[in-house]
Amino acid sequence: NDTEKVGRSNCTTVTRFILLGLLRHTELQTLSVFVFLLIYTITIIGNSLIIIVTVHPSFYTPMYFFLRVLSFIDICTTSVIVPKMLVNFLSQDKSISYIGCAAQLYFLIFLAAAECYLLVAMAYDRYVAICNPLRYPVVMNRRVCFSLVLLCFLTGNVVSVVQTVWVFTLPFCGPNKINYFFCDISPLIILLCTETSLYEIQATITTVFVIFTPFSLILLSYIFIISRILTMPSGKGRYKTFCTCSSHLLVVMLYYGSGSLIYLRPKFSYPQDAKKALAFVYTTVTPMLNPIIYSLRNKDVKVILRAIMRKMGKTF
């Protein structure tokens, strides 16, 4: 049973949730499994290659260190969602346990918040490299880089613990059907059988802290960066400098664009199917595209990738 009686009253509490999934049409199930499995495979292989390639001694720089961490986060994010989604497609049982739902929500918020602030660290790295190139080796030393990444993960953990504990200490009395393909805050609070206005205020404040504040810092960094680029006398130098930032800018637009439309707008501002599509973009599509964006825009990465492919070709 998905619910059980509490005490002597007729009140019930939810013990399992039913994930209704991403698509409504069951006739697309076989095609969907193939597409999602392909996306997941590309994501794992692409991000793993980025991690392997940037371990090469020629990539011992802060930019590539942050890129390795970003790839690791993307692998974890998509692994939290896609395997369970594939199981639900192939099984008649679409349920997820109460503890499993809480764990999924925790890891998703943790990884999402950590990535938001990691993108800020990457923007800061570009700012120092372009606006203060002579001080770059001193400012962005190894200790600073590790400290920034640790701060990103600590911030993500605090935000995630607060949000997850808050949601799952409130009562779920049924129904237990989540109109989503993973356990997220917005579809879960709809199922709460208590007043949620206080939680929604707290969630909005947290969203501003996790999305709006990091994005504002990134925007501020690029205002200084663009101002510095425009003062460069050489057109070739301006182009080359801008190219070093273009990959990061594209990733920021994809990630913050889809995420902010979900979490910075009112709960019922647009259809649930639209929210599902946006959530699919920032949790599944963006992690797949990140290694493609960085490898296509980086000559050094492409050179090492070709070398790895040649070695693999000789081996087999």
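Two strands pair if DSSP finds at least two bridges between them. Strands (E, at least two residues) and helices (H or I, at least four) are DSSP runs, numbered from the N terminus. This is a predicted model: local features need pLDDT of at least 70, side-chain atom pairs count only at pLDDT 80 or more, and totals for chains, interfaces and linings use all residues. Residues are numbered from 1 along each chain as its sequence is written, and side-chain values use heavy atoms, leaving out hydrogens and water.

**The sheet**
- Three strands form an open sheet in the order β4-β3-β5, with mixed pairing.
- β4 (95–97) and β5 (177–178) are the edges; each has a single partner strand, so one side of each lacks a neighbour in the sheet.
- β3 (residues 16–19) pairs with β4 in the antiparallel sense, over three bridges.
- F17 stands opposite I96 in β4.
- Helix α3 (residues 98–131) packs on the sheet and touches β3, β4 and β5.
- The direction of α3 makes about 85° with that of β4 (axes are lines fitted to C-alpha atoms, for helices over the stretch in contact; angles run from 0 to 180 degrees between N-to-C directions).

**The nonpolar core**
- A nonpolar core is a set of buried (under 20% relative accessible area, 1.4 Å probe, protein chains only) Ala, Val, Leu, Ile, Met, Phe, Trp, Tyr and Cys residues, joined through side-chain atoms within 4.5 Å.
- The largest one has 88 residues.
- F17, F66, L118, F168, F172, I178 and L188 touch the most other members.
- α3 gives the most to this core, with 20 residues.
- Beyond its neighbours within four places in sequence, L118 is in contact (heavy atoms within 4.5 Å) with F66, V69, L70, I73, V149 and C152.

Terms used. Buried means under 20% relative accessible area, exposed over 50%, partly exposed in between (1.4 Å probe, protein chains only).
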